[in-house]
Amino acid sequence: MDASEWNARYLAQPDVWGTTPAARIVAEVTAAEDTGLDVGTAVDLACGDGRHARWLAAHGWQVQAVDFSEVAIEQARAKDSDDGRSGSVDWVVGDATTWAPSEAVDLVVVGFLHLDLPALTAVLRSAGTWLRPGGHLVYLGHAAENLRRGVGGPQDPTVLPDIADLARGAEGLEVVSLRHDLRPAGKATAVDVLLHARTWGGA
């Protein structure tokens with residue numbers, strides 16, 4: 001993968017995604033914790049400038065935050081602080097299609113990673129193999145339906161997953177939730193797609 005375009009984008013517009021984590025990712029992780037997921041180790045894959053990793057660390061997670069944009073990781077490190085939190089973040093420059101953690105983890109979060117759909121499916125399947133027993137995987141992205149019914153996001157249909165694409169990505173896992181998620185976007189509505197899965201027999 002070539003990070004030059006994304007490096008330029010982050011240089012031109014720091015905080016391009018804002019600093020607040022996606023509400024749906026927060027809700028899914030919180031719900032998993034409420035039903036028995038222990039706070040432990042996490043991967044924030046395709047972390048951008050780190051809004052989800054920082055939120056996880058603030059809630060006690062030990063996070064590996066990975067992105068292929070060196071500029072995004074530099075910006076994330078610059079924004080990061082250990083003050084007042086029990087978790088930590090290890091910021092890593094890495095390609096989501098090839099990177100893997102050295103040990104199994106309790107949680108993988110993938111927020112708005114958009115690749116050619118076979119590559120995205122492969123990334124999600126791989127991420128599912130990183131989970132410890134009881135571990136959870138949460139993916140949130142712009143949906144294919146967003147082109148017809150929503151606003152914003154990529155306009156290339158070859159990188160916009162639908163429900164079936166994410167179902168293929170969840171192969172081998174127990175699906176907790178797989179659905180469209182409607183998100184307010186100014187006066188309009190964006191259509192996202194959510195996958196929340198866990199290892200079989202997990203909490």
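A residue is called buried when its relative accessible area is under 20%, exposed when it is over 50%, and partly exposed in between, with a 1.4 Å probe and protein chains only. By this criterion glutamate 174 is buried, and arginine 198 is buried as well. The structure is a predicted model, in which local features need pLDDT of at least 70 and side-chain atom pairs count only at pLDDT 80 or more, while totals for chains, interfaces and linings use all residues. Residues are numbered from 1 along each chain as its sequence is written, and side-chain values use heavy atoms, with hydrogens and water left out.

Salt bridges, defined by a side-chain nitrogen of Lys or Arg within 4 Å of a carboxyl oxygen of Asp or Glu, number 12 in the model. One of them joins the side chains of glutamate 174 and arginine 198 at 3.1 Å, N to O. This pair links distant parts of the chain, with glutamate 174 in strand β6 (residues 174-185) and arginine 198 in strand β7 (residues 188-198), 24 residues apart; strands here are DSSP runs of E of at least two residues, and helices are runs of H or I of at least four, numbered from the N terminus. Salt bridges that share partners also join Arg24, Glu28, Arg179 and Asp181 into one network.

A further salt bridge is found between the side chains of aspartate 106 and arginine 132, at 3.0 Å, N to O. Because aspartate 106 lies in strand β4 and arginine 132 in strand β5 (residues 131-142), the pair ties together parts that are 26 residues apart in sequence. Aspartate 106 counts as buried because its relative accessibility is 16%, whereas arginine 132, at 28%, counts as partly exposed. Within helix α7 (residues 163-169), aspartate 165 and arginine 168 are three residues apart and therefore separated by about one helical turn, and their side chains meet in a salt bridge of 2.6 Å, N to O. The relative accessibility of aspartate 165 is 8%, which places this residue among those counted as buried, while arginine 168 is partly exposed at 41%.

Aspartate 162 is placed in the loop between α6 (146-149) and α7, where its relative accessible area of 33% makes this residue partly exposed. The C-alpha atoms of aspartate 162 and arginine 132 are 27 Å apart in space, for a separation of 30 residues in sequence.

Aspartate 95, in the loop between β3 (88-93) and β4 (105-111), is buried yet has no salt bridge, and the nearest side chain of opposite charge, that of arginine 77, is 16 Å away; in this assignment Lys and Arg count as positive and Asp and Glu as negative, while His and the chain ends are not counted.

Helix α5 (residues 117-129) has 13 residues and reaches 19 Å from its first C-alpha to its last, close to the 18 Å expected at 1.5 Å a residue, the expected span being 1.5 Å times one less than the number of residues. Its buried residues are Leu117, Leu120, Thr121, Val123, Leu124, Ala127 and Gly128. Seen down the axis of α5, these residues fall within an arc of 160 degrees, so they line one face of the helix, the arc being that of the directions from the helix axis to the C-beta atoms. The face turned away from the buried side of α5 carries the exposed residues Pro118 and Thr129. In helix α2 (residues 23-34), the buried residues are Ile25, Glu28, Val29 and Ala32, and they line one face because they fall within an arc of 95 degrees when seen down the helix axis. Ala23 and Asp34 are exposed on the other side of α2.

Positive phi values in residues other than glycine were also noted. Alanine 46, in the loop between β1 (41-45) and α3 (51-58), has a phi near 60 degrees and counts as buried at 19% relative accessibility. Phenylalanine 112, in the loop between β4 and α5, has a positive phi of about 60 degrees and is partly exposed, with a relative accessible area of 22%.
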